[in-house]
Amino acid sequence: MTQAVFAGTAADPSQFPREGLPEIAFAGRSNVGKSSLINALLNRRGLARTSKAPGKTRAIQFFRVDSELLFADLPGYGFARVARSIREDWGPLIEGYLTDRGPLKLLILLLDIRRDVTPDDQALLEWLALMKNPTLVVLTKVDTLSRTQQLARERLIRSAIGWADPLPMVSARTGAGKNALWGEIRRRAL
Ligand code: GTP
Ligand code: MG
């Protein structure tokens with residue numbers, strides 16, 4: 001059993017938690033399912049706010065897991081309809097977080113298994129590689145496809161991003177892939 005609590009929200013680096021626990025961040029375009037996956041991993045429906053309307057998570061939300069780990073729910077990108085002022089806030093906040101976050105052990109970049117990789121996804125991946133941030137690309141919403149379709153999409157997306165290793169596949173809805181992802185998180189963070 002994991003115990004998870006809300007550990008604050010940050011619109012600015014001065015508001016990042018300071019306790020120095022190893023941290024796992026979840027990134028990806030708006031609506032990809034970052035907050036839903038956090039809730040699924042923590043078995044806590046509604047801990048991280050989710051929404052059918054994309055672009056709702058504007059600041060970084062932090063969650064403390066068993067007093068030994070922090071999860072960071074990063075605001076989504078690539079949603080054209082959010083106000084320009086919000087889009088302009090995204091860059092500096094995320095850039096500040098990714099360049100300067102000592103406790104960050106792993107960034108999990110979520111991609112919707114049904115969607116093609118966007119220029120925003122590619123730009124973030126290039127930036128992460130440049131900054132040598134440990135990154136794991138995970139395909140989500142796999143419950144929407146048959147097993148055969150999942151495997152075909154995995155191959156396609158993996159080749160689009162030039163990744164060597166198979167991409168882990170998860171569903172926040174069914175919990176598929178959750179235990180394997182936990183294994184990977186623990187291996188990288190603890
Ligand atoms: P922002 O905070 O706006 O960046 O979005 P987000 O990435 O946090 O997405 P969120 O978790 O709010 O989910 C967006 C929508 O996708 C919601 O309607 C969820 O119910 C749905 N969703 C999330 N995960 C899954 C999944 O594994 N399968 C399916 N079918 N739907 C999902
Ligand atoms: Mg969210």
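**Cavity, ring pairs and cores**

Student: By class, what does the lining of the largest cavity have?

Tutor: In this predicted model, the lining of the largest cavity has 5 charged residues, 2 nonpolar ones and no polar ones.

Student: Which residues line the largest cavity?

Tutor: The lining is made up of Arg-29, Leu-111, Asp-112, Arg-115, Asp-116, Val-117 and Asp-121.

Student: And what volume does the largest cavity have?

Tutor: Its volume is about 40 Å³, and the structure holds 1 cavity of 30 Å³ or more.

Student: Switching to rings, how many aromatic pairs does the structure hold?

Tutor: There are 5 aromatic pairs. One of them joins Phe-16 and Tyr-97 in an edge-to-face arrangement, with 5.5 Å from centre to centre and 85° between the planes.

Student: Which parts does the pair of Phe-16 and Tyr-97 tie together?

Tutor: Phe-16 belongs to the loop between β1 (4-10) and β2 (23-27), whereas Tyr-97 lies in helix α2 (residues 84-100), so the pair ties together parts that are 81 residues apart in sequence.

Student: Is Phe-16 buried or exposed? And is Tyr-97 buried or exposed?

Tutor: Phe-16 has a relative accessible area of 9%, and because buried means under 20%, Phe-16 counts as buried. Tyr-97 is buried too, with a relative accessible area of 0%.

Student: Why is the pair of Phe-26 and Phe-71 edge-to-face?

Tutor: The ring centres of Phe-26 and Phe-71 are 5.0 Å apart and their planes are at 65°, and since an angle over 60 counts as edge-to-face, the pair falls in that class. Phe-26 lies in strand β2 and Phe-71 in strand β4 (residues 69-73), so this pair ties together parts that are 45 residues apart in sequence. Phe-26 is buried at 0% relative accessibility, and Phe-71 is buried with a relative accessible area of 0%.

Student: Which residues do ring pairs link into a cluster?

Tutor: Phe-16, Phe-62 and Tyr-97 are linked into a cluster by ring pairs.

Student: Where does the charged end of Arg-186 sit?

Tutor: The charged end of Arg-186 sits over the ring of Trp-182, at 4.7 Å from the ring's centre.

Student: What about the largest nonpolar core, how many residues does it have?

Tutor: That core has 34 residues, and those with the most contacts inside it are Ile-60, Phe-62, Leu-74, Tyr-97, Leu-98, Leu-107 and Leu-109. The largest share of this core, 5 residues, is contributed by α2. A second, separate core has 24 residues, including Ile-24, Val-65, Phe-71 and Val-170.

Conventions:
Residues numbered from 1 in each chain as written. Chains lettered and ligands numbered in written order. Predicted model: local features only at pLDDT ≥ 70, side-chain atom pairs only at ≥ 80, totals over all residues. Heavy atoms only, no water. Phe/Tyr/Trp six-rings, centres within 6.5 Å; stacked < 30°, edge-to-face > 60°. Helix = DSSP H or I, 4+ residues; strand = E, 2+ residues; numbered from the N terminus. Buried < 20%, exposed > 50% of the residue type's maximum accessible area, 1.4 Å probe, protein only. Lys NZ or Arg CZ within 6 Å of the ring centre and 35° of its normal. 1 Å grid on protein atoms, 1.4 Å probe; cavity = no way out; pocket = protein on both sides within 12 Å on 5 of 7 lines; lining within 4 Å. Points joined across faces, edges and corners; volume = space filled by probe spheres on them. Nonpolar A, V, L, I, M, F, W, Y, C, P; charged D, E, K, R; others polar. Core = buried A, V, L, I, M, F, W, Y, C linked by side-chain atoms within 4.5 Å.
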